[in-house]
Amino acid sequence: MSSTDIPKAYDPKLVEDKWYQDWLKNGHFTADPKSAKLPYCIVIPPPNVTGVLTMGHVLNNSLQDILCRRKRMQGFEVLWLPGTDHAGIATQTVVERTLRKQGAIRHRNDLGREKLVAKIWEWKEKHGGIIIQQLKKLGCSCDWSRERFTMDDAYSKAVLHCFVDLYKKGLIYRGKRMVNWCPVSQTTLSDEEVTMKEVQGELWHFKYPLVTERGEPSKTEFLVVATTRPETMLGDEAVAVHPNDERYKKLVGRKVLLPIQNKQIPIIADPLVDPKFGTGCVKVTPAHDPADYEMAQRHNLPLTVVIGPDGRMTEVAGEDFEEMDRLECREAVVEKLRLDGLLLKTEPYMHNVGYSERADVPIEPRVSEQWFLKYPQVEKSLAAVEKGDIKFYPERWSKTYTHWLGNIRDWAISRQLWWGHRIPVWHKRVKLTVDNWHHELLHWGWDDYVSGHWAKAGVKIVVRIFRAGNGEEVNPKQDSLMPIVPSTEGDYDIFVCVDDEQQGAAFEQDGFQRDPDVLDTWASSWLWPFATMGRWPEEQSATLKKFYPTTDLVTGPDIIFFWVARMIMAGYEFMGEKPFSNVYFTGIIRDALGRKMSKSLGNSPDPLDLIAKYGADGLRFGLMLIAPQGSDILFAEERMEVGRNFCNKLWNSARLRQMQNVASSAVKRELLLSDDHHILAKLDDCIREVSGALDRFEFNQAAQSLYGFFWGEYCDWYLEVSKSALQGTDAALKANVCAVMDTVLSNVLRLLHPFAPFITEELWHGLGFAQGQTIQFAEWPKPTGLGDASVVDWVTRKHALVVAGRNLRAEKKIAPGKKANFKVQAKTPDIAARLQQELPTLRILLNAEQIEFVGADFQSPSGTPAAVAELGSIFMPLEGLVDPAAERKRIEAQLVKLAKEIEGIDRKLANQDFVAKAPPAVVAQQRAKREELQRQQAELQKLLS
């Protein structure tokens with residue numbers, strides 16, 4: 001084989017960029033849909049287009065890269081499809097904030113829709129490629145020729161097509177409901193975009209005067225109402241009690257006076273009321289609470305809006321509160337009621353509050369007209385996971401998934417933003433009669449629709465007509481091209497839904513107005529597994545035919561509802577089959593204190609800094625070592641150092657092999673010694689363990705098996721043992737040991753390649769394994785069958801004897817470079833004979849001058865250090881090794897030092913102020929340190945005796 005000189009030290013900077021450019025230049029990541037190979041496909045969870053690389057991205061994309069690189073080596077045609085998401089709320093918020101800081105705007109309306117969207121596109125073009133370049137630095141083997149963006153032309157066409165299709169089926173509709181509203185982003189949010197936080201708040205108890213029979217507020221009779229949101233009482237329309245609450249039954253039907261607003265509101269009975277909450281009387285604010293809204297529907301209560309979309313109080317709240325921030329108003333209302341003598345008491349109250357996931361502010365329940373989607377294919381999507389057609393790893397997430405699907409509500413898919421896929425619906429209100437019905441419709445092009453002109457042009461259109469006021473649909477039968485002629489004249493709302501922007505714009509010339517909202521970002525990314533492949537639905541591309549359904553998905557459990565479940569539904573709805581077969585849910589990376597990493601906490605390292613410090617391979621492999629399946633990861637930078645050290649160890653061992661100047665050859669089994677058999681059998685175990693772990697998505701187990709074998713078995717043991725042959729005079733034996741080394745290194749490089757692609761490619765070529773070919777398509781290792789597994793037990797027991805001898809050296813503090821003498825008392829003559837055959841390797845492993853085998857009647861001199869192992873006993877005579885007087889002096893000095901340290905800790909622990917005020921972890925640390933020092937003290941006392 002042809003090799004190149006491996007430099008003395010490994011420098012990732014000299015390797016990584018060189019090989020990545022080579023891979024790109026040769027198209028190694030580009031998938032061929034015409035290939036006869038079996039397909040394997042992953043679609044990347046698209047990061048936000050303006051995002052930057054985080055440790056979460058490093059984890060997620062390293063896992064995907066491991067899967068893809070391994071599949072290439074297993075002979076699959078691999079497509080790892082990359083792309084970015086337009087991230088409606090996040091991106092628009094970032095750009096608006098930047099423009100405000102620059103003084104360009106105070107509010108988005110200062111620019112207007114078209115100019116702001118243009119600014120966001122500018123921002124996207126400038127910053128949108130940053131995370132893609134960072135993923136390349138990490139070594140991601142995506143097919144960059146197929147990179148997609150959720151707002152590129154073809155993808156947008158697919159989004160509009162699906163909207164029209166669902167609208168035609170009646171699954172998308174417009175309705176007025178209570179929604180989650182973000183007052184910062186000023187848009188509706190789905191339930192999944194709201195994070196519940198436990199908040200220490202207050203529960204205020206207010207007195208609402210009862211209205212007497214004469215219609216006047218009583219000065220002595222009150223209902224006490226408890227609330228956590230005093231500011232909303234300005235919009236109260238009732239006080240509710242439970243129908244079975246005996247305390248208040250006689251009051252139902254009467255009225256109370258709403259304080260501050262001085263209006264009379266009814267006392268109603270409703271089963272939604274919890275009699276145990278507060279006093280059992282609750283204020284009903286239909287416009288600002290979901291439960292209150294539900295009660296208002298039953299009791300025909302009006303909706304009084306006192307909090308506006310920006311979180312400020314409206315004119316209806318009263319002139320004393322108008323334009324106040326809602327939280328500022330809360331304090332003002334409490335103070336007003338206190339001054340009026342209507343504040344009974346305040347008490348601390350821990351409760352859950354919904355926060356906007358993006359803006360991190362409390363959401364505001366708000367009645368709003370929005371577009372909703374009735375989820376399609378729910379039963380199929382549920383059955384797919386329950387029956388195992390789609391498998392989750394870890395499996396426990398399937399319970400979360402099925403619970404959510406069993407309790408879903410219609411999805412609010414519209415957002416009050418300007419950046420995103422605009423709702424493709426145009427609306428016009430017209431006055432229609434029997435006489436002008438056809439004339440009005442023909443005026444704006446109904447004849448073109450009926451004649452099929454648009455359909456022939458590839459335009460998909462749906463027309464729905466509703467009676468204004470009651471919302472009754474006139475033409476609910478979508479299989480009929482011609483709407484039903486109305487039986488009565490009046491105002492009608494015509495909605496035209498069309499998947500062609502130009503045709504839609506033409507309606508505006510006839511007085512139609514386009515809906516101003518955009519789609520929820522997830523209402524576009526749920527099509528990601530198939531809308532990214534070619535120009536679906538216009539064509540069924542070769543890529544789509546080859547690679548859909550995709551194979552695996554790697555994502556976070558925090559978006560199991562946002563994305564995973566919805567993709568499954570979309571797959572069955574639009575493609576007729578599941579979108580993927582396996583879903584691997586990563587854990588969340590946390591700091592050493594268990595906190596989620598975030599910029600605000602300052603506990604999230606920059607992955608590019610870590611790559612510069614440890615190399616991309618060191619970062620990837622170090623992270624995999626601490627990433628158990630589906631569990632959260634406590635990040636420690638020292639673990640990345642372990643990854644880098646492993647790479648250095650690999651580099652040095654490869655260099656050691658190259659320095660032998662022995663040509664590679666096949667292993668000759670007849671020349672294999674016991675340690676050769678042992679390492680080859682252990683190699684086969686490692687291959688099986690790594691392959692099995694990756695099949696089960698146990699990435700950290702695979703990494704740990706690889707680490708344990710290569711560092712623990714090969715470097716710590718075999719390379720030491722091999723010195724006997726490498727430094728000996730038997731050329732055939734030396735060549736065979738080199739052949740064993742080549743076998744191990746060739747397989748380890750291939751096993752490691754998915755985890756650490758750069759160093760493995762460099763050494764693959766450096767050691768001459770490449771033969772001009774990249775390691776990326778080298779065959780994935782299979783057990784070699786070269787090692788005799790029956791020898792493993794013997795060598796393991798021999799190693800245990802060596803460890804016992806090494807421990808004797810360590811206990812007596814024998815310098816590593818100083819040779820010692822040993823006596824071995826084997827359990828049986830057969831064991832002694834077998835050990836004597838391996839005397840050269842035992843000398844090397846024990847760094848021994850002499851090893852003498854003694855019989856069963858051997859009695860060691862008093863004080864001779866000894867240890868017992870399974871193969872027998874080992875003794876280490878101290879003559880010439882230890883100067884008793886000097887050793888005593890050294891040990892006594894150490895004991896004095898330890899005694900002082902223990903005394904210092906005892907003083908600290910005896911100080912009650914320290915124990916009471918110091919963090920418990922610090923106190924526990926001091927106690928643990930004391931125990932360790934005492935252990936060392938006892939060991940030294942033994943040595944002294």
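A salt bridge is a side-chain nitrogen of Lys or Arg within 4 Å of a carboxyl oxygen of Asp or Glu. I keep that rule at hand for this predicted model.

**Entry 1: salt bridges**

I looked up Arg 415 first. Its side chain meets that of Asp 520 in a salt bridge, with 3.2 Å from N to O. Arg 415 sits in strand β17 (residues 414–415), and Asp 520 sits in the loop between β22 (518–519) and α15 (522–525), so the pair ties together parts 105 residues apart in sequence. Are Arg 415 and Asp 520 buried or exposed? I find both of them buried.

Next I took the total. The count comes to 54 salt bridges by this rule.

Then I looked up Arg 620. Arg 620 forms a salt bridge with Asp 65, and their closest N and O atoms are 2.8 Å apart. This pair links distant parts of the chain. Arg 620 is in helix α19 (residues 607–625), Asp 65 is in helix α2 (residues 55–73), and 555 residues separate them. Arg 620 is buried, because its relative accessible area is 0% and buried means under 20%. Asp 65 also counts as buried, at 0%.

I turned to Glu 246. Which residue does Glu 246 pair with? Glu 246 forms a salt bridge with Lys 249, the closest N and O atoms being 3.3 Å apart. Glu 246 is exposed, at 59% relative accessible area. Lys 249 is partly exposed, at 40%.

I also noted a network of salt bridges. It links Arg 229, Glu 231, Arg 326, Arg 330 and Glu 364.

**Entry 2: a negative patch and its loop**

I moved on to surface charge. Asp 310, Glu 315, Glu 319, Asp 320, Glu 322 and Glu 323 form a negative surface patch. I picked out Glu 315. Where is Glu 315 found? Glu 315 is in the loop between α7 (290–299) and α8 (326–339). Its relative accessible area is 62%, so Glu 315 is exposed.

Val 316 lies in the loop between α7 and α8 as well. Val 316 is partly exposed, with a value of 47%.

**Entry 3: helix α21**

Last, I looked up helix α21, residues 674–695. Helix α21 has 22 residues and reaches 32 Å from its first C-alpha to its last. That is close to the 32 Å expected at 1.5 Å a residue. How many residues of α21 are buried? I note 17 of the 22, so the rest of the structure largely encloses α21. Phe 697 follows α21, and its phi is positive, near 60°.

Conventions. Residues numbered from 1 in each chain as written. Predicted model: local features only at pLDDT ≥ 70, side-chain atom pairs only at ≥ 80, totals over all residues. Heavy atoms only, no water. Patch = residues over 30% accessible without salt bridge, like charges linked within 9 Å, V, L, I, M, F, W, Y side chains within 5 Å. Areas by Shrake-Rupley, 256 points an atom, 1.4 Å probe, with all protein chains shown as cover. Lys, Arg positive; Asp, Glu negative; His and termini not counted. Charge placed at Lys NZ, Arg CZ, Asp CG, Glu CD. Helix = DSSP H or I, 4+ residues; strand = E, 2+ residues; numbered from the N terminus. Buried < 20%, exposed > 50% of the residue type's maximum accessible area, 1.4 Å probe, protein only. Expected span 1.5 Å × (residues − 1).
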